[in-house]
Each structure stands twice: as C-alpha cells, then as structure tokens.
Amino acid sequence: MAITTFPTIEKCASIGREEDIVVTDLDGTLLRGSSSFAYFALVAFDVGGVLRLLFLLLASPLAGILYYFISESAGIQVIVFITFVGMKVSDIESAARAVLPKYYLEDLHPESWRVFSSCGKRCVLTASPRILVEHFLKDYLGADIVLGTEIETYKSRATGFVRSPGVLVGKNKANALRRTFGEIQPEIGLGDRDTDIPFMTLCKEGYFVPSKPKVKAVTTNKLPKPIIFHDGRLIEKLTPLMSLFIIIWIPFGFLLAFLRICISILLPIPLQYYVFWVIGIRLTIKGTPPPSTTKSEDQSGVLFVCCHQTILDNIFLSAALNRSIPIVTYSSTSRFFEIFSSIKTIRLTQDRASNASMIKQLLKERNLIIFPEGSTNRGPFLLRFSSLFAELTDEIVPVAMENKMSMFYGSTTRGWKWMDAFFFLMNPRPTYEITFLKKLPHEFTCKSGKSSHEVASYIQKVIAETLSYECTTFTRKDKYTAFARNDGSIVKKT
C-alpha cells in the first residue's frame with residue numbers, strides 16, 4: 001500500500017469531531033516542511049554555538065544518504081547524535097521552550113491544523129525527539145499526548161543516543177500507538193509518507209497530507225496562541241545553505257561588529273551619524289528632534305521616553321540628537337560601553353522614592369533618556385510602562401525606536417546580555433529607525449490632573465501606534481518570571 005491510496009486531507013470533515021481522537025505525524029503533516037533539519041540546527045546553534053552547527057552541517061550529507069537509501073531511522077540517529085551529544089538536558093529543554101515554538105508556528109499546515117484543532121483528543125506521533133517538540137505541541141497546539149523519540153541521558157547530559165525501541169518511525173509508531181490506546185481505535189490518522197501507513201491503518205479513517213501543491217502557513221492572526229517573548233539569536237529558520245552562510249559569515253561579522261562598536265563609542269558624537277553610513281549602519285530619523293537650547297534655572301530638562309530595543313539604543317539616540325544624553329537605567333549589562341563611551345549611565349535602585357528624587361535633581365541640570373519598559377523587547381509588543389517618569393516632569397518627548405536585522409536578533413532574555421550589541425552589529429546592514437513624536441501636550445500631563453499611570457499608558461499607546469505594535473500589561477518582572485518557568489507566551493492586553 002502507498003500513502004497516496006489514502007484520501008487527501010482536504011476531504012476530511014472537521015465538523016462534529018469534538019468526541020473524536022486524531023493521531024498525526026509532525027513534519028510534513030502538522031507542519032508543512034517535511035525536514036526537521038532546521039529545528040536541530042537552531043538548537044545546535046543556540047545551545048552549542050557555531051562549531052556545533054558546523055559539525056551538524058558536515059554530518060548532514062551522511063545522514064541524508066542513510067535516511068533516503070538505507071534506513072530512515074539511521075539517518076535521524078546521526079542528526080540526533082551530532083546535535084545533542086554532551087549537551088545539558090536543561091539547555092535543550094530551555095531552547096525547546098523559548099526558541100523553537102516561533103519557528104514551528106510559522107510552519108503550521110492550515111488543513112492539518114483545521115482537522116487537528118477540531119478533535120476532542122489530540123495525539124502526535126513523531127520521529128523528532130520528544131524533548132524538542134512536546135512543549136510546543138502541548139502548550140501551543142493543545143496536544144494531549146506526544147509520542148516521540150526518547151534520547152538517552154547520563155548525569156543530566158544527553159549522550160546523543162536514543163532509547164529503545166529506537167527512532168519512532170514505521171512500525172515503532174504503530175507499536176507506540178497500540179501501547180497508548182490499547183483496544184481503543186482512534187477516529188483519524190494523518191500522515192505524509194509511506195512509513196506513516198502502519199499507524200494510519202490502526203485508525204478508522206486515514207488521510208494523506210500531500211507535499212504539493214505548496215500551501216501557505218497559518219497566518220499570524222489565526223495562530224492558536226501568540227508568542228510575545230520568543231528567544232534565540234537567529235531570525236530565519238536554518239536551511240543547510242543558510243547554515244553554511246552563517247558559519248562563513250560569523251568570523252567576518254564578529255570583526256565587523258567589533259569595528260562598529262569601537263567607532264560607536266570612541267568617535268565624537270557629531271561624527272557618528274555620518275560614519276554609521278560608511279560602515280554599513282543605517283540610522284533613519286523621523287519627526288523633529290527638540291533643539292539643544294540653554295536651559296533656565298526654573299525650567300526642567302527634557303525627558304526622552306523611549307521603547308527599548310537593544311543596549312545600543314542610547315548610542316543611536318544620542319547620534320540622532322547630535323549630542324550626548326545621559327541614560328537612567330536599572331541595567332548593569334552595559335558597563336563595557338560606560339568605560340569607553342562619552343554617554344553617561346545613571347543607575348536606578350529598587351527604591352522608587354530615591355529614584356524619583358535623583359531623576360528630579362538630574363532634570364534640573366540636563367536632558368535625560370529613560371526606558372520605562374525596563375527591559376529590551378523585540379516587538380511587535382510593548383511591555384507595560386513604569387509610571388515613575390510621569391510624576392517627575394511635564395517636559396516629555398516620546399520616542400519610538402525600531403531596529404531591523406536580517407540574520408541575528410540584537411536582544412535576548414537568556415544568555416549574555418553584553419553579546420546583544422555584537423549580534424546586532426554582526427548583521428550585514430543593521431538599521432535603526434528613530435521617530436521623535438510631539439512633546440506631550442499639557443492636557444495629558446500630571447499637571448492637568450492626569451494620574452501618572454494614565455500618562456504612562458498614553459505614551460505607551462502613542463509609541464505603539466507609531467510602530468504598529470500592541471500594548472500589553474506585561475511587566476519587566478513578568479517577562480523574566482515567564483522565562484524562569486519557561487513560559488513566554490502569556491498575553492495580557494490593555
């Protein structure tokens with residue numbers, strides 16, 4: 001029997017399936033792509049670094065030969081071994097929870113999801129290691145049971161080998177299904193290749209998910225669960241060709257990033273804007289920055305209230321203003337830049353009253369930059385703005401900041417924050433777009449009777465509208481708590 005003897009997925013009814021059990025394969029079925037290389041590569045790079053990715057790429061031809069000409073199971077075992085051997089299990093789990101869901105969701109098959117989501121009980125059978133896919137399938141797609149290849153561990157590290165009965169392909173899938181459901185016969189079985197037939201024949205109905213014609217993935221607005229805080233450094237899903245390009249690029253990119261950082265922090269600020277273009281950094285300025293004027297004794301300095309993209313925000317904002325503006329921050333991750341840069345960093349404490357007093361005093365002397373989110377954020381969401389700044393001055397200029405990258409994200413939650421600058425500047429042509437909005441009108445200030453929370457919410461709203469972002473009530477503390485429990489998907493809307 002060939003898989004094509006089954007009717008196609010389009011012929012599967014999804015109405016009235018609330019009591020039914022669906023059993024589906026993952027790659028090529030629930031996901032559009034039939035290859036899991038990209039997900040192994042993402043974990044290899046995120047956990048093991050560029051050398052691990054290189055070894056995986058070098059091993060992939062051997063794995064491909066084994067997979068297509070000798071044994072599907074043997075090919076997968078090679079990929080599993082190279083990716084996982086020696087890795088901490090906790091690091092694999094962290095990457096699976098914080099990095100992979102974004103890429104899986106971007107590849108969700110619309111027809112398979114239509115059927116899968118309509119059923120009352122959902123089971124996924126996959127050759128992929130369960131440790132990689134279980135969080136995504138259960139927390140994002142509502143799977144009840146995930147049966148995947150189990151990896152061997154020793155003293156909290158992966159050995160690279162798989163546990164008996166081996167990789168979950170062919171008859172192993174059918175046996176796993178029998179062990180799980182016993183005499184119960186699932187209503188629907190979904191697969192995309194001949195090795196899925198053994199488990200599909202155990203179901204009352206079997207449907208084939210063809211690889212052609214290509215279908216578009218489930219659109220963002222129809223995703224079952226949005227992700228706010230995806231993590232990881234790589235923007236695109238990795239193909240072998242893209243992996244090779246990144247491996248070749250990183251040594252040159254790191255040297256380029258180091259050169260760009262040196263120029264950014266050592267050159268006089270009036271020269272930076274022009275030099276950025278020479279070294280391949282685009283700085284786009286929109287709106288009208290407030291002029292540099294001599295401040296009278298009874299006049300407060302201007303407080304630039306900005307959304308927070310990377311730890312380089314203050315450098316690019318000062319370049320856009322053509323003058324050094326001190327920054328007030330909770331962060332201790334930018335000490336490298338403090339040592340050499342002419343931009344002063346003023347540290348806040350956990351004492352709100354002390355912070356308010358200090359900022360008030362500083363505003364009597366100069367203009368300041370503040371990031372009320374308290375943490376970098378990739379968007380298209382904004383964290384809840386702290387209301388502290390709204391109590392201190394009415395001279396507020398909202399600033400919408402957005403950066404654009406092609407290869408590497410310039411912010412992270414896990415890992416070393418000081419590397420954020422290097423990864424952002426390793427992009428071939430990184431871009432910062434800074435939009436100066438109009439100074440806060442008097443009727444939206446605390447002096448007009450508005451509460452500090454109302455002012456903060458208003459500024460968050462106007463910045464979000466400028467960037468086409470969504471406001472949330474998620475705080476900096478919530479963000480790191482979410483990652484501590486490996487849950488970056490909670491959405492709280494204002």
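## A stacked pair across a loop and a helix

F444 is partly exposed, because its relative accessible area is 27%, and in this predicted model the ring of F444 pairs with that of Y458. The two ring centres lie 4.0 Å apart and the planes meet at 5°, so the pair is stacked. F444 belongs to the loop between strand 15 (431–436) and helix 17 (452–467), whereas Y458 is in helix 17, so that the pair links distant parts of the chain, 14 residues apart. Y458 is likewise described as partly exposed, with a relative accessible area of 24%.

In total, the model has 17 aromatic pairs. One of them joins Y67 and Y68, whose ring centres are 4.9 Å apart and whose planes stand at 70°, so this pair is edge-to-face. Y67 is partly exposed at a relative accessible area of 24%, while Y68 is exposed at 65%.

Y68 also takes part in a nonpolar patch on the surface, together with I65, F69 and I70, and these residues have about 550 Å² of accessible area together. F69 lies in helix 3, which spans residues 50–70, and F69 is exposed, with a relative accessible area of 68%.

## Other contacts of aromatic rings

A single aromatic cluster is formed by Y39, Y104, F136 and Y140. Charged side chains also meet aromatic rings: the charged end of K102 sits over the ring of Y103 at 4.4 Å from its centre, and the charged end of R378 sits over the ring of Y409 at 3.8 Å from its centre.

Methods: Residues numbered from 1 in each chain as written. Predicted model: local features only at pLDDT ≥ 70, side-chain atom pairs only at ≥ 80, totals over all residues. Heavy atoms only, no water. Patch = residues over 30% accessible without salt bridge, like charges linked within 9 Å, V, L, I, M, F, W, Y side chains within 5 Å. Areas by Shrake-Rupley, 256 points an atom, 1.4 Å probe, with all protein chains shown as cover. Salt bridge = Lys/Arg side-chain N within 4 Å of Asp/Glu carboxyl O. Helix = DSSP H or I, 4+ residues; strand = E, 2+ residues; numbered from the N terminus. Buried < 20%, exposed > 50% of the residue type's maximum accessible area, 1.4 Å probe, protein only. Phe/Tyr/Trp six-rings, centres within 6.5 Å; stacked < 30°, edge-to-face > 60°. Lys NZ or Arg CZ within 6 Å of the ring centre and 35° of its normal.
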